[in-house]
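These are my notebook entries on a few local features, kept with the cut-offs that go with them.

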Amino acid sequence: MKKLRKPRRSRRTRKDEYDQDEVDGPVIDESVLSAKELLGLQQAEERLKRDCVYRLKKQSRSYPSAKYTCKLCDVLIESVAFAHKHIKEKRHKKSLKEKQEEQLLTALPPPTPSQIQAIGVAIENVVQEFGLNNEDLEERLNIKIVMENLLRQKLPGI
């Protein structure tokens, strides 16, 4: 006889979790702001965007007073003032610096043939100045042979 299984509950997807964590409606009601306040808010938000801080599109259920999010640090922020405070923090500055360095490195063009040749010449000059010359190399090989012979005499099994 076949056992009857309990029906499985459907798994929650990330989308479901995302939808449940947010409430519909604007985070900042711009209709109550004067033209001057709106302009100031827009300028402040443009400045914050340069530091990867963006206005939330929907209100968060887990932190309803949050109005902004830092995409680098994955934090929610209540106001423009707190956002400015956040971007001055050590952790945020470090993350921003790493992101900028990564962007810079990925934007670098490959070296030109003349640059490659110049590096080769520089390496050869260092080797000539500080590296082993043929006499030094020969002397070291002779020392190696002498040491091998001495070890074979003293330790005949190797």
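I looked up Ser 60 and found it in strand β3 (residues 59–60), where strands are DSSP runs of E with at least two residues, helices are runs of H or I with at least four, and both are numbered from the N terminus. I noted that this is a predicted model, in which local features need pLDDT of at least 70 and side-chain atom pairs count only at pLDDT 80 or more, while totals for chains, interfaces and linings use all residues. Residues are numbered from 1 along each chain as its sequence is written, and side-chain values use heavy atoms, with hydrogens and water left out.

Ser 60 counts as buried because its relative accessibility is 5% (buried is under 20% relative accessible area, exposed over 50%, partly exposed in between; 1.4 Å probe, protein chains only). I then listed its polar contacts (pairs of N or O atoms within 3.5 Å, one able to donate a hydrogen and the other to accept it, with residues adjacent in sequence counted only if both atoms are side-chain atoms). The side chain of Ser 60 contacts that of Ser 62 at 3.0 Å, and the Ser 60 side chain also reaches the backbone nitrogen of Tyr 63 at 3.3 Å.

Next I turned to helix α5 (residues 113–130), which holds Ile 123; this residue is exposed, because its relative accessibility is 51%.

Last, I checked Asp 136, which lies in helix α6 (residues 134–154) and is partly exposed, since its relative accessible area is 31%.
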